[in-house]
Every structure is written in C-alpha cells, then in structure tokens.
Amino acid sequence: MIVTINPATEGVLAEYPAMSHGDINEAVNAAYLDFTRWRQVSIPERARLMLRVAELLRERKAEYGTLATREMGKPFAQAAAEVEKSAWVCDFYAAHAEGYLEPETVDMDGGKGMVVFEPLGLVLGVMPWNFPYWQVFRFAVPALMAGNGVIVKHAPNVTGCAAAIEQVFRDAGFPENLYRTLHIELQDVDRLTGIVIEHPFVKAVSVTGSTAAGRAVAARAGRALKRSVMELGGNDPYIVLDDADLEKAVTVCAASRLLNSGQSCIAAKRFIVHRSIRSRFEGMLLERMLGAKTGDPFDSATEVGPIARADLRLQVHRQVEESVAQGAVVLCGGVLPEGQGYFYPPTILTGVKKGMAAYGEEIFGPVATIIEAADDDEAVAIANDSEYGLGSAVFSADTLRAAEIASRLETGNCFINAMVKSDPRMPFGGVKQSGYGRELSSYGIKEFTNIRSLFLEA
C-alpha cells in the first residue's frame, strides 16, 4: 500500500494499492499494444490530441495545483504555474513536432540519402516529486509526439499527481493504455523498476532525480543496452562579479534559491561573490531571505512551504550542521523548527570553503551558501570545482565579460543576469554527475527516436 502524507500538516492524504509484478507486466503489454497502433497515427492527429491535453490542464489548473501542494508542499501559486507550464509544453510540441521530425535529405554519390526519425517503442520515465507535473510532461510529451508509448514510475509521495496525469491523457482521447503509471511501493522500487527496464518492449529510459538514483538506473539500462537520458542533481553556481547590479543580482539569486522551497536541481545553490562586494551582497541577501514568509503553502503570501518529506528535511539540517561544525557561519536560519509540518527556514551560510558539506554537496532546501572569490579566474575555478554540471549564472554589467566567463563554466547551461530555467524552446540537461542527454527543443524529441539512414540509388 502506498500512503501519501501532507508535509505541511503531517496528516495522511490517501492510500493507493501498489502494483504487483503481474500487474506491471500487464500494464507494459497493454501499453505496447497501443503503441503499435499509435506509431501509425499522423503527427497532425497526435498534435490535435495533445492540444486537448493542454486545454484540460488549464481547465483543471486549480484542482491539479491543489493536489501538488497537498502532496509535496509547493506553494499553491507555484503549483498552479507548474500546471500552466505543462500545458505550454503540450502546445509547443503540437506546433513544432512535425517540423522537428521532418525527414532530412542528403546528396550522395550515386543516389540520394534520407534521414528519418522513427519511434523506438515504450519509453520508461523514472520521475521525482519536486515538480510532479512539469518533469513528467517535458519528457512524455515529445516522446508521445514522436510516436512512442510512455510508462512512468513516479515518486510514491506524489501518487495522486501521477494518477491525475494518466487520467488527463485518457480524457483527452489518447489510446487507453498508451500512457501508463506504475504504482510501486518504495521498498520494491529497485527490484520492480529493474524488471521494467529489462522488459523487451521497453526501449529507453528517462530519469529525472538524484545522481545516486540516476547511476542505479543508468547501470541497469546499460546492462540491457537500453538508451537513456539522465537529468540529475545540481549544485548550481551563481557568480556575482564586482560590477554587477547588486539589486537585480540579489533579487534573482534569492528567487532562485527559494523557488519550490529550495527543492530544485537548477536552483541557485552556491553564490560565488567577488571579495570587494561580498559584504554588501550578504547584507542585501540577508534582508531578502529574512523577509521571505515561511508557512501555509495555501496562503498567497507564503514564499517558502515545507520540505516534501521528514527525512529530506533532516538531510538538509544535517548538511547545515556539518558545515557549521566545519567553520561556516550562519547569517540566518539554520535551526530546525518545532511544531507541525516539515518546514525549514531560509538559511544563509557564509565563509564556506572547500571540504565543507555546503561546498560540495547539493542541499535540497532553502539554504544559500556564499563563497568568496578574489577575481574572475578564481570564481571560475570554484564554480567548476564540483562533481555537478547542470545550471549556472553570471551577473555583470559587462555582458562580454560575463559571456567569457560563461564559456569557461562546465555546465549544461548558463544564464547571464537571469535565473536558470527550463524552457521548451531550448535544450535542457547537464554534464559530469548531473547527467547526459537533452530534453526539450528539437534535441529532446529526437532523443527517443531511431535516427535511421535510407539510401536510394539513382
């Protein structure tokens, strides 16, 4: 049995029956049967159904936003915005999939070559709880538009959101079993997910989650010779140069660190600040973090809701305590609150240096770490001194200077004077221990296709 808990109240929300090995095998077989028909459906017809998904998401935005807030604690305004963003990715691929998948012609000696993009089969998605809608839709929508079927193993604590996504595809008119959710108990995740990966009808795997989870799934997929895309952890550096507009930089940095209560792979986590402006940056960031209201995620004034689970909150606090014991200084927060709910206060750690937990580990909560850099070269060296390489940002009045620094950062993306975000129009993914492969844009839809070469002799 899967039990979902409201992290703001610690009360039980719902219970869901877990699936057995037999149930899962039946679901995969049914999905594959629908896939064999779906691959023959024209892209314009796929687009028509996908636009209906977008319509339903917008109609149900309040309902689905409420569900996410109850299950994982996201402030309601952010949850509703996530549903809207999920509708956007449906609109985007409905409009662009046909062009992205258009066959390419190649002039060749003695004939004509053609490159076509064909569906693979079933794509398994192993999805996390922190963006329970967006992270599913951003992989599932292009996979479906490319003609594949989709199987999803979602995080157990957002099982209600998982069921809602499955239902919205059915209500939009997609084949009954083309998109299926597997409800798996936590203790059975490794065993049953491995069985699904090895199923002959499953041809590829997409993972969004921790680096540890990604390693485990990637190893299993590799042994089965299944294609995989990994969007994993991050310890994103935001470099603030001495000529930066501090008002703007602090506003963006705080917003990124507090978004989703700090539970985002691409949240700003390490603030690498030039020595000459560090004290001013700290004072302004302190004012902003102290002013962020923590509390009821359904209160429109709340910026920071609870951490999604009790064990995750304890992990955040352990990392803060270890860093302080290693010499970091707490400017605000850092105290485990008493009372109901898995709340954690906005926290700033300064004086952070190599070897501390806050320097090298990803902290999945509203904790900002400040690291001083003497100059541009040291800032780049600190930013790259990480096993992760997902997002990054640079703040400077001189965009050429910022762009030069950006070109030296070992990350999948870099934003200049702006917050890192995922966007359907741009490829998204990381390097190093943050994963491989790309989601979104034309690159994302082609990840799960057979890029096939054809030749016609003259």
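Buried means under 20% relative accessible area, exposed means over 50%, and partly exposed lies in between (1.4 Å probe, protein chains only). Keep those cut-offs at hand for every stop below.

This is a predicted model: local features need pLDDT of at least 70, side-chain atom pairs count only at pLDDT 80 or more, and totals for chains, interfaces and linings use all residues. Residues are numbered from 1 along each chain as its sequence is written, and side-chain values use heavy atoms, with hydrogens and water left out.

**Stop 1**

Select Arg52 and Glu55. Both sit in helix α2 (residues 43-59), three residues apart, about one turn of the helix. Helices here are DSSP runs (H or I, at least four residues), strands are DSSP runs too (E, at least two), and both are numbered from the N terminus. The two side chains form a salt bridge at 2.8 Å, N to O. A salt bridge is a side-chain nitrogen of Lys or Arg within 4 Å of a carboxyl oxygen of Asp or Glu. Arg52 has 31% relative accessibility, so it counts as partly exposed. Glu55 is also partly exposed, at 43%.

**Stop 2: pairs across the chain**

Select Arg318 and Glu361. Their side chains meet in a salt bridge of 3.2 Å, N to O. This pair links distant parts of the chain, 43 residues apart: Arg318 is in helix α11 (residues 310-325), and Glu361 is in the loop between α12 (357-360) and β14 (367-373). Arg318 is partly exposed at 29%. Glu361 is partly exposed at 28%.

Next, select Lys432 and Glu410. Here the salt bridge is 2.9 Å, N to O. Again the pair links distant parts of the chain, 22 residues apart: Lys432 belongs to strand β18 (residues 431-432), and Glu410 to the loop between α14 (399-406) and β17 (415-416). Lys432 has a relative accessible area of 33%, so it is partly exposed. Glu410 is partly exposed as well, at 39%.

Now show Arg58, Lys61, Glu84 and Asp91 together. Salt bridges link these four in a network. Across the whole structure, the search finds 35 salt bridges.

**Stop 3: the annotated active site**

Which residue does UniProt give as "active site"? The unreviewed entry places that feature at Glu231. UniProt positions follow the numbering used here, feature names are shortened, and annotations may be inferred rather than shown by experiment.

Select Glu231. You land in strand β9 (residues 227-231). Is Glu231 buried or exposed? Its relative accessible area is 2%, so Glu231 is buried. Now display its contacts, meaning heavy atoms within 4.5 Å. Leaving aside residues up to four places away in sequence, Glu231 touches Gln135, Arg138, Val207, Thr208, Gly209, Cys265, Leu390, Phe428, Ser434 and Glu439.

**Stop 4: the strands beside it**

Two strands pair if DSSP finds at least two bridges between them. Pick Ser206 to see one such link: its bridge partner in β9 is Val229.

Select the whole of β8 (residues 202-208). Six of its seven residues are buried, so the strand is mostly covered. Leu122 has Val202 in β8 as its bridge partner. Strands of a sheet pair through backbone hydrogen bonds, either parallel or antiparallel.

**Stop 5: an open sheet of seven strands**

Color the strands in the order β12-β13-β14-β11-β10-β16-β17. They make an open sheet with mixed pairing. The edge strands are β12 (329-332) and β17, and each pairs on one side only. Zoom in on β16 (residues 393-395). It pairs with β17 in the parallel sense over two bridges. Val394 stands opposite Ile416 in β17.

**Stop 6: a surface patch**

Go to Val3, in strand β1 (residues 2-5). At 38% relative accessibility, Val3 is partly exposed. Together the three form a nonpolar surface patch with about 280 Å² of accessible area. Patches are made of residues with over 30% relative accessible area and no salt bridge; like charges are joined within 9 Å, and nonpolar side chains (Val, Leu, Ile, Met, Phe, Trp, Tyr) within 5 Å. Accessible areas come from the Shrake-Rupley method with a 1.4 Å probe, and for residues only the protein chains shown count as cover.

**Last stop: the annotated domain**

Select residues 3-453. The unreviewed UniProt entry annotates this span as "domain: Aldehyde dehydrogenase". Its end C-alpha atoms lie 48 Å apart, and the span is 42% helix and 19% strand.
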